[in-house]
Amino acid sequence: MASKYIDVVVAGIRTLTPRIREYLLAAADGRPLPRYEPGAHVALHMVSDTRGPIVRHYSLIGGLAGEDDPRHVYRIAVQREDRARGSAFIHDTFEPGTRLRISPPVNDFPLDRRDASTLLIAGGIGVTPIVSMTRSLARRGCRYSVVYAGRNAAFMAYRDTLARLAGDRVRFHHSDEEGVLDLRGLLASQPEDTRAYVCGPAPMIAAARQAGADLGWEPDRVRSELFAAGPASDETAFEVELRRSGKLVQVGPDASILDALRLADVPVLWDCARGECGLCPLPVVSADGPIDHRDRYLSEEERAAGHTLCICVSRLRGTRLVLDA
Amino acid sequence: MNRIADPIPELRTDFHFEPGGFADHATPLVRNCWYVAGLSSEITRELRSRRFLGVDVALYRTQAGEPVAVRNRCPHRSFPLAKGRLEGDVLMCGYHGMQFDPSGRCVKMPSMPLVPTNAQVRSYPIVERAPLVWIWMGDPDHADQALIPDTSWLASPDWKSVGGTFHMKADYVSMHENLLDQTHFPFLHPGAIGTPEYARSKLDVRQEGDVVIIDRALKNSPPPDVYGVPTGLTGKPVDRYSEARFASPGLHVAFARIVDNHDPAGKPRTYRFNITHAFTPETNGSIHYWWFNSRDSNLQDPAADAYLYEASAKAYLEDVDALEWILDVVTHDAEPQFDLNFAPDKPGLLMRRALYDMAAREAGVRF
């Protein structure tokens, strides 16, 4: 099945905290957008005049109180990162009426409806899927609790929304005053049948998993969002030469080789775009620097040999990559 | 190349909603509703498939006895998962052995070195309220179990139920309209159910939100056989009260009370009958239908069971035939027709307007 982009228009912008803004993305044709379940995210495909293609992934938040947003609207929140260019591009250029393309929702972080008891843990901007999950659990009358950690109230987007949705089931942790959240204590206080869903900075996710392991939890009882496709902050640009077709494609710091090839209408095979399905690897003819393998598909031997790479996530630490394509 | 990864499957329709519309066979089906997926006895450790609202669903039970519903379509190559097999609680596709837990998460893809974290088959909220199992095909965020309609009499020791099932090629709108329309009883169901006096008796209709309720009372008149035979009141003048409810897009319930003011014990005696019609659209033009006739008297009377079963099954088969004939005419006759309406059609029209408004709301249309 062909992946369809959806054309959207920025329909509203709100400043939530000094660094976080909320954007309403409305279907350009006014028709209902695909439905999604809590935990789903969309990819925003943008093109910067100076930096080329930019792709970023954002969780879908849904309506603010118990209400659903209109069917033709998606709500996302973007935190401006100091070094990251994608979020800065969005903050600097998005205004009401800005048009862009998104991919249909993907859910790699679904709630399991069989859970007898649910613990949601949000850290900072990781609150966005947690809002959506909280709404779902509240609506369905489930047994759940929420812990939302941030520096202090002024830096915590959707604090009021969570308070309205979850009432006394939500606890706010202000690390400026209270220090690091005691995840081990939190998990230890849970009933036997609780499953935890964590979305936050990488150290928080690692700490939650470690706390679960220390307490003897089954690994699957702590679930987290894994944004494998998210680029690191120090990416560099390089160019890709396609030996057979003779094309030369620029890969900017804000998009993958796959993004750049698709934008250049190069026919490539791909599916998951997160380094797992093994469909996108292309043979490497030459590389003037080391290949930074970030997939979960290739074997250690294949990586070491350097004859192939997953173009959806892996990059070149160099300037020119020649592929047999 | 890339699939559309897991947005909730949705048939984008170009149906155009207009203010003041009435649902008919072509109106988009209401999805945000608990529908009956089957009888408890139908959902077992044997995989089975059934289509609801146009979507194929695979049904089974876990080893702990919990019902499970997942889309009957492997996300890899669309193999019907119900043609695969169960290994414990894990459903294994019969094509490439892809394995899913009861929540729909992929737990193994044998041809791959790791479990693809983005692979899942859609699962549906499913809840057992014996003897029924209910499924929610719409937005799972709204699948509040408190919305499951009350059918507690089906499991109560104070009641005795007989029941049956049909698969019919008719639309759920006409089915609801048929059930709210009691003026057809003496003609489509002569004998057991309808009496001409009943057809002409006054009815009150009211609407509470999306629920349409009709009340009828007919005093001092002999009951039809379907009530007379199981109670032994045949030929005796009784007061008869009935309430019929369009309870939800998936359920119609009727509560009948037969009051014998001349009971030998010297004071009025009430006999109650609850009639349950649960039906779930398979498509816009076909439905799965389960009916129950429940009574609170003569519980241990096999002859009453047999009589009620035979009389009900005969009458409902007459309804099935009629509605199939009607849909065949409506969809195949080349010349369109705007059907006439009469005063007794008011409950049906209120129901059709409510169904239309529900479908419009789901499509995001606001009038």
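In chain A, 7 residues of domain 1 are in contact with 9 residues of domain 3, where contact requires that the C-beta atoms of two residues, placed from the backbone, lie within 7 Å. On the side of domain 1 of chain A that touches domain 3 of chain A, β4 (52-59) and α1 (85-93) of chain A each supply at least two residues, and β4(A) gives the most, with 4 residues.

The structure is a predicted model, in which local features need pLDDT of at least 70 and side-chain atom pairs count only at pLDDT 80 or more, while totals for chains, interfaces and linings use all residues. Residues are numbered from 1 along each chain as its sequence is written, and chains are lettered from A and ligands numbered from 1 in the order in which they are written.

## Chain A as a whole

Chain A is divided into domain 1 (6-102), domain 2 (117-224) and domain 3 (238-323), with bounds that come from an automatic or database domain assignment. The C-alpha centres of domain 1 and domain 3 of chain A lie 27 Å apart.

There are 8 helices and 18 strands in chain A, and its C-alpha atoms fill a box of roughly 60 × 50 × 40 Å along the principal axes. The radius of gyration of chain A is 21 Å, which agrees with the value near 20 Å that a compact globule of 325 residues would have; this radius is taken over C-alpha atoms, and the globule rule is 2.2 Å times the number of residues to the power 0.38. Of the 325 residues of chain A, 45% count as buried, a label given if 20 or more other C-beta atoms, placed from the backbone, lie within 10 Å of a residue's own.

## A parallel sheet and its helices

Chain A has an open sheet of 5 strands in the order β9-β8-β7-β10-β11, with parallel pairing, where two strands pair if DSSP finds at least two bridges between them. Because β9 (170-174) and β11 (222-224) of chain A stand at the edges, each with a single partner strand, one side of each is left without a neighbour in the sheet. Strands β7 (residues 117-123) and β10 (residues 194-199) of chain A run parallel and are joined by 6 bridges, and A:Ile121 has A:Val198 in β10(A) as its bridge partner.

Helix α2 (residues 127-139) of chain A lies across β7, β8 (144-150) and β10 of chain A, at about 155 degrees to β7(A). Helix α6 (residues 202-214) of chain A lies across β7, β10 and β11 of chain A, at about 165 degrees to β11(A). These angles run from 0 to 180 degrees between N-to-C directions, with axes fitted to C-alpha atoms, for helices over the stretch in contact.

Chain B has 6 helices and 17 strands, and its C-alpha trace spans about 80 × 50 × 35 Å along its principal axes. Buried residues make up 39% of the 367 residues in chain B.

The contact between the chains takes 30 residues from chain B and 38 residues from chain A. The side of chain B that touches chain A has 15 nonpolar, 9 polar and 6 charged residues.

Key
Nonpolar A, V, L, I, M, F, W, Y, C, P; charged D, E, K, R; others polar. Buried ≥ 20, exposed ≤ 12 C-beta atoms within 10 Å, placed from the backbone.
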